[in-house]
Amino acid sequence: MSKTALSPIISGTMNWGVWDKNLTTKEMENMIQICVENKITTFDHADIYGGYTTEADFGKAFKASKISREKLQLITKCGIQMIAESRTNKIKHYDYSKEYIIWSVEESLKKLKTDFVDVFLLHRPSPLMQADEIAEAVEKLKAEGKIVDFGLSNFTSSQTELIRQKTEVSYNQVQFSATHYEAMVDGSLDYMQTHGIRPLSWNPLGTVFREDTKKTRRLKKLLADLVQKYGFGSDTLLLAWILKHPSGVIPIAGTVNIARIQALMKAVELEMDKEDWFAIWTESMGDDVP
């Protein structure tokens, strides 16, 4: 079980840097402050974000903010070896050797200006990963106080079980939303509940606001009615849909829109009616539940 208490909504930093918003240090500092003021105290990173630059940008902003380290929680990931100026590899691949995991965590700590990360995840499963070697790295990092909790990202139940046989797995970050609900029906969330693994959800709004399809049109039509009923925005309702699942999924919201950040935690307070929850799932499937 996790030793870390994460905020009910997590702030995702993937788009904060050069990959999208290109926030300055001051803008990033302001974003951290706004999140913490709105009780979003957990920040999700990965070494690859911004082509291996966003962690360092965040670290500078965090240091400038003078916010106490005890007031926030940091998540980071490693394993994907991208083609980048700072790397020598010639092809994108995964590396989960003991040496690489330890080196990667230590690099993340330097960049994030912290002595430890609250949650460390393996970013994507590799066919070549050795569970024993991963466990050795994780146990060493825990013993040295460099990571508190360990978990996975995008791992299937069988891949998770392979790692869990060798070391404790506290989290698995998976894609889960009203438009991408496979984790709910393929046994992934059931498996996590069974073994006390907390699911984290990336892209929690799915494709509702990104694509114009029959599915998203059906959902938008329903959400327009639910907005009237509950008095909350569509994005808040979609997060509330995720939060109602009994596995305790924590959504990772990537927005840098201040008004949206201020509205995110309203999803935690919203108790969605069961029939409305099923109505959202029904519209996503395009058919009644089986």
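**Close-up 1. The salt bridge between K146 and E144**. With a relative accessible area of 19%, K146 is buried, a word used for residues under 20% relative accessible area, while exposed means over 50% and partly exposed lies in between, all with a 1.4 Å probe and protein chains only. The model is a predicted one, in which local features need pLDDT of at least 70 and side-chain atom pairs count only at pLDDT 80 or more, whereas totals for chains, interfaces and linings use all residues. Residues are numbered from 1 along each chain as its sequence is written, and side-chain values use heavy atoms, with hydrogens and water left out. The partner of K146 in a salt bridge is E144, and the closest N and O atoms of the two are 3.1 Å apart; the term stands for a side-chain nitrogen of Lys or Arg within 4 Å of a carboxyl oxygen of Asp or Glu. E144 is partly exposed, because its relative accessible area is 38%. Both residues belong to a network of salt bridges that links E106, K140, E144 and K146.

**Close-up 2. The salt bridge between R69 and D118**. Side chains of opposite charge can pair when their charged atoms come close. Here the side chains of R69 and D118 meet at 2.9 Å, N to O. This pair links distant parts of the chain, 49 residues apart, with R69 in the loop between α3 (54–65) and β3 (73–78) and D118 in strand β6 (residues 117–122); helices (H or I, at least four residues) and strands (E, at least two) are DSSP runs, numbered from the N terminus. R69 counts as buried because its relative accessibility is 12%, and D118 is buried too, with a relative accessible area of 7%.

**Close-up 3. The salt bridge between R164 and E161 in helix α6**. Both residues lie in α6 (residues 157–164), three residues apart, which is about one turn of the helix. The closest N and O atoms of R164 and E161 are 3.1 Å apart. R164 counts as partly exposed at 28% relative accessibility, and E161 is partly exposed with a relative accessible area of 22%. In the whole structure there are 17 salt bridges.

**Close-up 4. The largest pocket**. The space in this pocket is about 890 Å³. On a 1 Å grid over the protein atoms alone, a pocket is an open set of points where a 1.4 Å probe fits, with protein on both sides within 12 Å along at least five of seven lines, and lining residues have an atom within 4 Å of a point. The lining has 35 residues, and M14, N15, N203, R210 and G254 lie nearest the centre of the pocket. At least two lining residues come from each of α10 (234–243), β10 (250–253) and α11 (258–264).

**Close-up 5. The second largest pocket**. About 160 Å³ of space lies in this pocket, and its lining includes N154, F155, H180 and D186. Both β8 (171–175) and α7 (182–185) supply at least two residues of the lining.

Terms used
Grid points are joined across faces, edges and corners, and a volume is the space filled by probe spheres set on the points.
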